[in-house]
Amino acid sequence: MHAQHDIVIVGGGLVGASLAIALENSGLDVAMVEAAPPGALPPVFDERNLSLAEASCHALQALKIWPLLQTASPIRRIHASRVGDFGRVSLDASEVGREAFGHVVIARDFGEALEKRLGDVASLTRYRPARFIDTQGLADGRREVRVADAEGEHRITTRLLVGADGMESAVRSSLGIDATRHDYGQTLFVSRVRPQRPPDGTAWERLGPHGPTAFLPRFDRHYGVVHGVPSEEADAVAALDEAAWLARLQDAFGWRAGRFVASGERSRYPAVRVVAERLIAPRAVLLGNAAQSIHPIGAQGFNLGLRDALTLVEAITAHGLDDAAMLDAYAARRSEDRARTLAFSDGMARASSNEGLAMRGLRSLGMAALANVPGLRAQVAAGGMGYRGDVPAMCRENAR
């Protein structure tokens, strides 16, 4: 097989699939290389809970994905505090003229909605199950890509290669793009928990020295939970029975959301930050976790990746695939949003885990400022809703 496409997307997860859908009306020949076989979802579509910022919800509405999501639950209020510090932050969407800051969806349900929507994209070629091997060079304005499937290795050429293949991106490695890595020394446990009283639209975040304990309101009268523990304690926490697990959550979080009475299965993930040193190479670009994988504090990861994908579509529309300036324009547009979001996520993760007296005082002052300075509260709310830097048009209200 020696196929040719205008764009080849490696990775069929959240960002790769969203990009393929966003390119539906571009007139371009698009292909997607996916590890999961037909009828199966990629592993990323599990029981994790995704906090979708308002800007992302607008984009998903424009992409005709939102009507397929039957389980979205609004985040009407945000309450954040830190163990051992004075003060708290309490934000209400009504303060900024919104009904909600965003919505919570279950990753599995989002994956099913994306799969259904991908079925309507007639111009998309899907190589699945298939594995990206490498990209070997440029010739006649095209990049050569090698993939493998059950029948062996094949060669594909493309005018643009998109790496959307996650934190350990094979595309990034093949392009020779280095990445900086930081291990926060935390393991994050994810589950769903049923409280004695149902969620009221408040998203709770209790920060501590070993990561956040966050409760996101779900549609099914449960909370989606993320609980950070020291990595050396992860095996012991995984071995806890349900009663001991619930007791641990109650002790870490307190009684703000009431008593926790039942829990679903737990899964765990390392808290690691991986940031590509550059986003582009000749005829190639990195998106989503392949470009930057960040600490989940503040729930910015997928939202940032979706804005990557939509900005790339706008850059292609404005410049065309064969304009050498297209990728430079893309990288320039992403620079502010990416830098600010990375700084916010990493700064929050490091500052919240610092037990020094000076940092405790600074955090308390910061909490007090957020609680009492309206302009600062509005700025933080806008960032949390996905409005940082040059926002893609689809992220704006009434986008089409």
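Which residue does the side chain of histidine 5 join in a polar contact of 2.6 Å? The partner is tyrosine 127, where a polar contact is a pair of N or O atoms within 3.5 Å (within protein, one must be able to donate a hydrogen and the other to accept it, and residues adjacent in sequence count only if both atoms are side-chain atoms). This is a predicted model, in which local features need pLDDT of at least 70 and side-chain atom pairs count only at pLDDT 80 or more, while totals for chains, interfaces and linings use all residues. Residues are numbered from 1 along each chain as its sequence is written, and side-chain values use heavy atoms, with hydrogens and water left out.

- Histidine 5 lies in strand β1 (residues 2–10), strands being DSSP runs of E with at least two residues and helices runs of H or I with at least four, numbered from the N terminus.
- Histidine 5 has a relative accessible area of 5% and is therefore buried, given that buried means under 20%, exposed over 50% and partly exposed in between (1.4 Å probe, protein chains only).
- Leaving aside residues up to four places away in sequence, histidine 5 touches several residues, among them Asp29, Arg142, Ile156 and Arg159, with contact meaning heavy atoms within 4.5 Å.
- Glycine 208, in strand β13 (residues 202–208), is also buried, at 7% relative accessible area.
- From glycine 208 to alanine 252 the C-alpha to C-alpha distance is 8.4 Å, although the two are 44 residues apart in sequence.

**Salt bridges**

- The count comes to 25 salt bridges, each being a side-chain nitrogen of Lys or Arg within 4 Å of a carboxyl oxygen of Asp or Glu.
- Arginine 268 and aspartate 235 form a salt bridge at 2.9 Å, N to O; because arginine 268 lies in strand β17 (residues 267–276) and aspartate 235 in helix α5 (residues 234–238), the pair ties together parts that are 33 residues apart in sequence.
- Of these two partners, arginine 268 is partly exposed at 38% relative accessibility, whereas aspartate 235 is exposed at 54%.
- Aspartate 390 and arginine 333 form a salt bridge whose closest N and O atoms are 3.0 Å apart; since aspartate 390 lies in the segment after α10 (374–384) and arginine 333 in helix α8 (residues 326–353), the pair ties together parts that are 57 residues apart in sequence.
- A network of salt bridges links Asp6, Arg159, Arg283 and Asp322.

- Helix α2 (residues 54–62) is largely enclosed by the rest of the structure, because eight of its nine residues are buried.
- The buried residues of α2 include Glu54, Cys57 and His58, and the buried residues of this helix pack against β3 (49–53), β7 (102–106), α3 (107–118) and α7 (301–319).
- The second largest pocket has a volume of about 290 Å³, a pocket being an open set of points on a 1 Å grid over the protein atoms alone where a 1.4 Å probe fits, with protein on both sides within 12 Å along at least five of seven lines; the volume is the space filled by probe spheres set on the points, which are joined across faces, edges and corners.
- Of the 15 residues that line the second largest pocket (those with an atom within 4 Å of a point), the closest to its centre are Glu54, Cys57, His58, Ala100 and His103.
- Helix α2 gives the most to this lining, with four residues.
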